[in-house]
Amino acid sequence: MGLIEIIIVIAIAITLSNIIAKILPNIPIFMIQILLGILLGFTELGRSITFEPEVFLVMIIAPLLFREGETADIPSILRHFKIILLLAFGGVILTIVGLGFALKGLIPTIPIAACLAFGASLGPTDAVAVGSLAKRLNIPNSVMHVLEGEGLINDATGVTAFQFALAALLTGQFSLVDASGTLLFSSIAGALAGFAVVFIKRQITNLIERISAQDISAYFMIELILPFAAYFVAELFHASGIIAAVVTGVLEAAGFRKITLFDAQLSNITESTWGTISFTLNGLVFIFLGIELTQVFSPVWTNRSYSNLHLVTIVLLLTALLFVLRFLFVTVYYVCTKGFKNTHRHIRERLLLTFGGVKGTVSIATIFILPATINGLEFRDRSLLLFITASVTFFTLIIGTFVLPLLSDGEKVPELEPKLMGIFREVIDNLESDLNQNELSEKEQFALQAVIANYQDRIQEAFNNAMPESSQQEFQEIQALIISVEQDGLDESFRNRTININAYRLYSRFISNVESSVAKQLLSFLSFWLIFVRRLIRIILHPKLAWQRRQKREEIVSNIDINALKSIFERNSQIILDSLDNLRDVYDEELIDFFIATRENLMLQVEGGGLFGTFLIQQDPIYSKELIRGYYLERKVIDEFEGAGEISTFSANEYRHRVNLLESYAMKKTTESSVHFRFRNKKQIAKEKADNLEDH
């Protein structure tokens, strides 16, 4: 299969992993990607993919670590630099020696140099895997900074040590003095290569600015090639390309930042584009890991030269030894710095640092550098070493997935922003004051009510974002249940001819509007089923109805239609309220009470004739006008809060940035809708009936 087909299939796999991760949020996304990689590895396509370690390091690991360095909290990492350096160098060396000699003892036929190469491949921790594991967990910042800093620099130690072990395997000679000196040179020269690349980049951009040739695309392309340039420059001088890429990223983040419109636009594009690139590369890392697991698994597992039970035992023993060695090393550090008597107080930190040291694709990429032949003879133990390395890597990820949640302080709970919600409430108060003015037309009243509802939704969104993910999952499941009840009641009414197609399409658009806000990030399989699977089933069972709902044409909605919709809404609401009461033993009671209060408020709006009117008015330009006035009031309230010292300047600027994005989107958003509605009054209805009688 060609390169284009491989790229398409892997892109689909990465996208599919993201979807599955949102449907099954309790499973880490990297584990899903590994499993998809394993499935892909059993196909003809997977078997046709040739793994090139050098290409993998430069094209995937280098840009990922560059971005990690660019976004890392360097001041916080520097506060723990002592333990980071010890883990990145001393910890890696201990792993090399410990695992290497352990493997030699377990399988004496493997040369000691090859055993040390195996230990070197498992020396570095995987910064990408650690980030994926800890994303949802409440782990102390000090531990995370150590793990992040270690992951940035220990790859160079492991790869360099592996190269020495490989040289010893090929030549039969090894010098500890030479190895130590070369490791030191490789690290320092790699850092200098990073400095040099950033210096040259800044000279180029200064020259571009002096000749007034600034271009956002060109500037971003320059930044995009930085990690590759740093890697190649470092490798040209036999230095660490990984260290060079990390240093380049750190220096890019530490550079002087000018506050200009050009730089602001460049920053927005850089952040969004790098976000996509990082997600894609992270997905590639774990999908390739899954593919490589299948490629190294079959030859060894089916080889009768090895007992499968013996192999599994070796893998489990080496995995356990890896964590034991790391725990002992961390414990020695804490004994030396905290004192033996105080060490027990930090047992959880030591365990987190131990089980946070999971391995990843860098380990497999490194071990794949082993040659197929040595001095013209086949290296028979190569497949066995690949198998053991890949298996130990996979088991460390499995263990980390199960153990870290037990050691953490539970789920990571986002910070609540009470001041932001206070700003929204202040804006709502101002808008309600405008609403009480008698000179407003009916359309203006509906537009203001719609803007007020928009700010109420933003308060709810801010509240939801401050929930732990498990609570967000419950919240979304209840929302999805309400939507399914709404849709079922509407479909039944239309099939019973209680309402016409115009009213049906109006209510459907109202439900879709709510549904789209829920489906932005699915958090459970139940939500996926209630929103997407049931929708697909409805389309299959009633294709004509689905087609009519999506036709693009102007629809006329009468007051009779609105009254019919009110009746359906009230009937649906009663079913929803009864269902919510029955769910008190399933979900948190506070959530149930919140949804009951919200539904009762909506029922009051429907009785007053405002709910569908505020929805319809969002198609009118007057809504955009009132929405922009709301953003003006929001900026004004932000200024007042900042002036009173209730929020910091940093928070105020962040809030203003959000307002700017919303306002920009509101001004660009087209007022054209796929469906148009307009009301007709009683005189229009009577006139239309009279015209029809005359025609007949």
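Okay, H7 and H17: these two helices pack at an angle of about 25°, with their axes 10 Å apart. Axes here are lines fitted to C-alpha atoms, for helices over the stretch in contact, and the angles run from 0 to 180 degrees between N-to-C directions. That makes H7 roughly parallel to H17; the cut-offs are under 35 degrees for roughly parallel, over 145 for roughly antiparallel, 65 to 115 for roughly perpendicular, and oblique for the rest. H7 passes H17 in a right-handed crossing, meaning the near helix is turned clockwise from the far one by less than a right angle, with anticlockwise being left-handed. On the H7 side the contact uses Ala114, Phe118 and Ser121, and on the H17 side Leu385, Ile388 and Thr389. Contact means heavy atoms within 4.5 Å. By class, that's four nonpolar, two polar and no charged residues. For the classes, Ala, Val, Leu, Ile, Met, Phe, Trp, Tyr, Cys and Pro are nonpolar, Asp, Glu, Lys and Arg are charged, and the others, Gly among them, are polar.

Quick housekeeping. This is a predicted model, where local features need pLDDT of at least 70 and side-chain atom pairs count only at pLDDT 80 or more, while totals for chains, interfaces and linings use all residues. Residues are numbered from 1 along each chain as its sequence is written, and side-chain values use heavy atoms, with hydrogens and water left out.

As for the overall picture, the protein chain has 29 helices and four strands. Those are DSSP runs, H or I with at least four residues for helices and E with at least two for strands, numbered from the N terminus. Of the 696 residues in the protein chain, 48% are buried. Buried is under 20% relative accessible area, exposed is over 50%, and partly exposed is in between, using a 1.4 Å probe and protein chains only. Among contacts in the protein chain with a separation of 6 or more, 82% are between residues 24 or more positions apart.

Back to H7, residues 112-121, and its contact with H6, residues 81-106. Their axes come within 7 Å and cross at roughly 135°. That makes H6 oblique to H7, and the crossing is right-handed. Which residues meet there? From H6 you get Thr95, Ile96, Val97, Leu99, Gly100, Phe101, Leu103 and Lys104, and from H7 you get Ile112, Cys115, Leu116, Phe118, Gly119 and Ala120. The residues of this contact split into 10 nonpolar, three polar and one charged.

Thr396 is in helix H17, residues 382-407. Is Thr396 buried or exposed? At 0% relative accessibility, Thr396 counts as buried. Skipping its neighbours within four places in sequence, Thr396 is in contact with Thr319, Phe323, Val358 and Lys359.

The other one is His145, in helix H9, residues 141-171. His145 is buried too, with a relative accessible area of 12%. Not counting residues up to four places away in sequence, His145 touches Asp73, Ser76, Ile77, His80 and Ile84. His145 and Ile84 are 61 residues apart along the chain, and their C-alpha atoms are separated by 8.9 Å.

Now the charged pairs. How many salt bridges are there? The count comes to 13, where a salt bridge is a side-chain nitrogen of Lys or Arg within 4 Å of a carboxyl oxygen of Asp or Glu.

Start with Glu634 and Arg458, whose closest N and O atoms are 2.9 Å apart. This pair links distant parts of the chain, with Glu634 in helix H27 (residues 621-643) and Arg458 in helix H19 (residues 442-465), 176 residues apart. Glu634 is buried at 1% relative accessibility, and Arg458 is buried at 13%.

Then there's Arg635 with Glu663, closest N and O atoms 2.6 Å apart. Here Arg635 in H27 pairs with Glu663 in helix H28, residues 649-668, 28 residues apart. Arg635 is partly exposed at 21%, whereas Glu663 is buried at 16%.

Glu642 is in H27 and Arg656 in H28, so the pair ties together parts 14 residues apart in sequence. Glu642 counts as partly exposed at 23%, and Arg656 as buried at 19%.

Last item: Asp581, Arg584, Glu589 and Asp593 are linked in a network of salt bridges.
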